[in-house]
Amino acid sequence: TGLTDVQVLKGLSAPGGGPAPYVVMANLVFDGPDSLKASLGGPRGGEVLADIASFTNIRPITQVSFIE
């Protein structure tokens with residue numbers, strides 16, 4: 001609920017041509033902080049977060065941001 005957009009960005013390379021510092025980044029855009037909190041705290045939030053391990057053994061880094 002409140003999710004308005006999703007972007008999945010796959011890392012290609014570092015600026016100097018080496019390997020990308022991140023394999024993939026996912027931008028999940030919500031209506032606002034309350035929508036994010038409701039989504040993560042919803043009945044399936046824990047299930048969704050736990051499912052990350054099905055796709056990678058890399059520990060995810062989470063950042064909450066806002067569009068100015």
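Visitor: Which residues form a nonpolar patch on the surface?

Guide: In this predicted model, the nonpolar patch on the surface is formed by Leu-3, Val-6, Val-8, Val-23, Val-24, Leu-28 and Ile-58. Together these residues have about 650 Å² of accessible area. Strands β1 and β2 (24-30) are the elements that give two or more residues to the patch, and β1 contributes the largest share, three residues.

Visitor: Why is Leu-3 called partly exposed?

Guide: Leu-3, which is found in strand β1, has a relative accessibility of 45%. Buried means under 20% and exposed means over 50%. The value for Leu-3 lies in between, and therefore Leu-3 counts as partly exposed.

Visitor: What lines the largest pocket, and which residues lie nearest its centre?

Guide: The lining of the largest pocket consists of 39 residues. Nearest the centre lie Ala-26, Asn-27, Leu-28, Ile-61 and Thr-62. The pocket has a volume of about 1,800 Å³. At least two lining residues are supplied by each of β1, β2, α1 (33-40) and α2, and the largest share, seven residues, comes from β2. Leu-28 belongs to the nonpolar patch as well.

Visitor: How confident is the predictor in the chain, and where is confidence lowest and highest?

Guide: The chain averages a pLDDT of 91, and 99% of the residues score at least 70. Confidence is lowest in helix α2 (residues 45-50), with a mean of 88, and highest in strand β1 (residues 3-10), at 95. Where pLDDT is low, the predicted coordinates should not be read in detail.

Notes: Residues are numbered from 1 along each chain as its sequence is written. This is a predicted model: local features need pLDDT of at least 70, side-chain atom pairs count only at pLDDT 80 or more; totals for chains, interfaces and linings use all residues. Side-chain values use heavy atoms; hydrogens and water are left out. pLDDT is the predictor's confidence in each residue, from 0 to 100. Helices (H or I, at least four residues) and strands (E, at least two) are DSSP runs, numbered from the N terminus. Patches are made of residues with over 30% relative accessible area and no salt bridge: like charges are joined within 9 Å, nonpolar side chains (Val, Leu, Ile, Met, Phe, Trp, Tyr) within 5 Å. Accessible areas come from the Shrake-Rupley method with a 1.4 Å probe; for residues, only the protein chains shown count as cover. A salt bridge is a side-chain nitrogen of Lys or Arg within 4 Å of a carboxyl oxygen of Asp or Glu. Buried means under 20% relative accessible area, exposed over 50%, partly exposed in between (1.4 Å probe, protein chains only). On a 1 Å grid over the protein atoms alone, a cavity is a set of points where a 1.4 Å probe fits but cannot get out, and a pocket is an open set with protein on both sides within 12 Å along at least five of seven lines; lining residues have an atom within 4 Å of a point. Grid points are joined across faces, edges and corners, and a volume is the space filled by probe spheres set on the points.
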